[in-house]
Amino acid sequence: MFAVYAESFAPRDAADPLAGLVLGERPDPEVPEGWTTVTVRAASLNHHDLWSLQGVGLRQEALPMILGCDAAGIDEDGNEVVVHAVISDPSWVGDETLDPRRSLLSERYQGTFAEKVAVPRRNVVPKPASLSFEEAACLPTAWLTAYRMLFTRGDLKAGDSVLVQGAGGGVATALIILARAAGLRVLATSREETKRARALEIGAHEVFESGARLPGKVDAVMETVGRATWSHSIRALRPGGKIVISGTTSGPQLDDAELTRIFFLQLQVIGSTMGTRAELASLLSLLDATGTKPLVDRTVPMEKARDAFEAMSRGDLFGKVVLTR
Ligand SMILES: NC(=O)c1ccc[n+]([C@@H]2O[C@H](COP(=O)([O-])OP(=O)(O)OC[C@H]3O[C@@H](n4cnc5c(N)ncnc54)[C@H](OP(=O)(O)O)[C@@H]3O)[C@@H](O)[C@H]2O)c1
């Protein structure tokens, strides 16, 4: 079958960071006992796919690996479904994001950028008719992560204020749209004027240049940028406020972790990763009930996946990039 896969790794600063990316034929998926096959109609790109091409979170022995965590498609019975990307151990009970043996599709098991993907039966979730395949394909990683950051780990409520750093990304646009839909006051930063303008259009109340002084303190900050914004995030919080972090796009090392502020202002630093199947079902239900739609930056045929990877590598996107079959 046609697939988009990693054949080798290239460091991020390599002349061609996409050197290991191949578009070509791969064997049909193996379907273990208790698993099923989904015919992919749409799959969305995540920064995770760029990390995979650099060998972050992917072992050399696992290559070649079909990339892609997210998919929406048709199950073996002809139903329209969304694929939950977190694969937990069959013996695991409870929150699957806490399973030490969990993996994401494209880490241990072949990913979604292909004609077909095999997943455990419990990882198939019904797709509401109100969402297109392209919209539904945005949800399992970026949107699920944003949902858990805001409402589970962040425990935010209508009326709270939240700052979203790096507005243009897939997770960040999901954070802005979901926070606004849930009645929060939403502030956002971006390095680019055009992205700040777009952030206002999709629901931010106020936008700022990255690192700019804010008019007041916020209840919570949603952090996926890491090194470039961490200090600003800590300084944006009111006493007792919380920072929820799920990514470090600009790097994990800090010159100043702002430890003094963290204890003196009694701030909470909260990690968050992906989400559960139940949270994915709640996210789908929220979108169906409110009419809220994922923001698709562009849709390209899977055969043009390299263009999509290049756009993400340049940071030239606002919202999700979707690959279609
Ligand atoms: N833990 C999890 O489960 C989980 C799930 C999903 C994603 N993530 C992580 O979250 C991060 C975002 O993922 P994504 O798929 O949303 O990526 P993405 O679509 O590529 O977005 C990255 C965003 O980060 C901002 N950014 C990058 N470098 C920056 C810098 N030097 N200074 C300020 N802002 C910068 C940019 O915002 P502007 O251009 O607007 O400034 C950009 O839009 C990634 O690191 C990813 O691995 C983690």
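Because the model is predicted, local features need pLDDT of at least 70 and side-chain atom pairs count only at pLDDT 80 or more, while totals for chains, interfaces and linings use all residues. Residues are numbered from 1 along each chain as its sequence is written, and side-chain values use heavy atoms, with hydrogens and water left out. The chain has 325 residues, and 53% of them count as buried.

**Overall build**

- The chain holds 9 helices and 18 strands; these are DSSP runs, with helices (H or I) of at least four residues and strands (E) of at least two, numbered from the N terminus.
- With a radius of gyration of 19 Å, close to the 20 Å from the globule rule for 325 residues, the chain is as compact as a globular protein of that length.
- That radius is taken over C-alpha atoms, and the globule rule is 2.2 Å times the number of residues to the power 0.38.
- The C-alpha trace spans about 55 × 45 × 40 Å along its principal axes.
- In this text, buried means under 20% relative accessible area, exposed means over 50%, and partly exposed is in between (1.4 Å probe, protein chains only).

**Around the ligand**

- Lys195 places an N or O atom of its side chain 2.8 Å from an oxygen atom of the ligand.
- Thr249 has a polar side-chain atom 2.9 Å from an oxygen atom of the ligand.
- For Thr273, an N or O atom in the side chain is 3.5 Å from a nitrogen atom of the ligand.

**Cysteines**

- A disulfide is a covalent bond between the sulfur atoms of two cysteines.
- The rule used here asks for a pair of cysteine sulfur atoms within 2.5 Å, and by this rule the count comes to 0 disulfides.
- The sulfur of Cys69 is too far for a bond, because the closest cysteine sulfur, in Cys138, is 13 Å away.
- Cys69 is buried at a relative accessible area of 0%, and Cys138 also counts as buried, at 0% relative accessibility.

**Backbone details**

- Leu63 and Pro64 are joined by a cis peptide bond with omega of about -5°, and Pro64 sits in the loop between H1 and E4.
- Glu258 has a positive phi of about 60° although it is not a glycine; Glu258 lies in the loop between strand E15 (237-245) and helix H7 (259-264) and is buried at 6% relative accessibility.
- Gln266, a residue other than glycine, has a positive phi near 55°; Gln266 is in the loop between H7 and strand E16 (268-271) and is exposed, with a relative accessible area of 63%.

**Other loop residues**

- Ser88, in the loop between strand E7 (86-87) and strand E8 (103-104), is buried with a relative accessible area of 11%.
- The side chains of Ser88 and Arg122 make a polar contact of 3.1 Å; such a contact is a pair of N or O atoms within 3.5 Å, and within protein one must be able to donate a hydrogen and the other to accept it, with residues adjacent in sequence counting only if both atoms are side-chain atoms.
- Val56, in the loop between H1 and strand E4 (65-66), is partly exposed at 41% relative accessible area.
- Ala204, found in the loop between helix H5 (193-202) and strand E13 (206-209), counts as buried at 6% relative accessibility.
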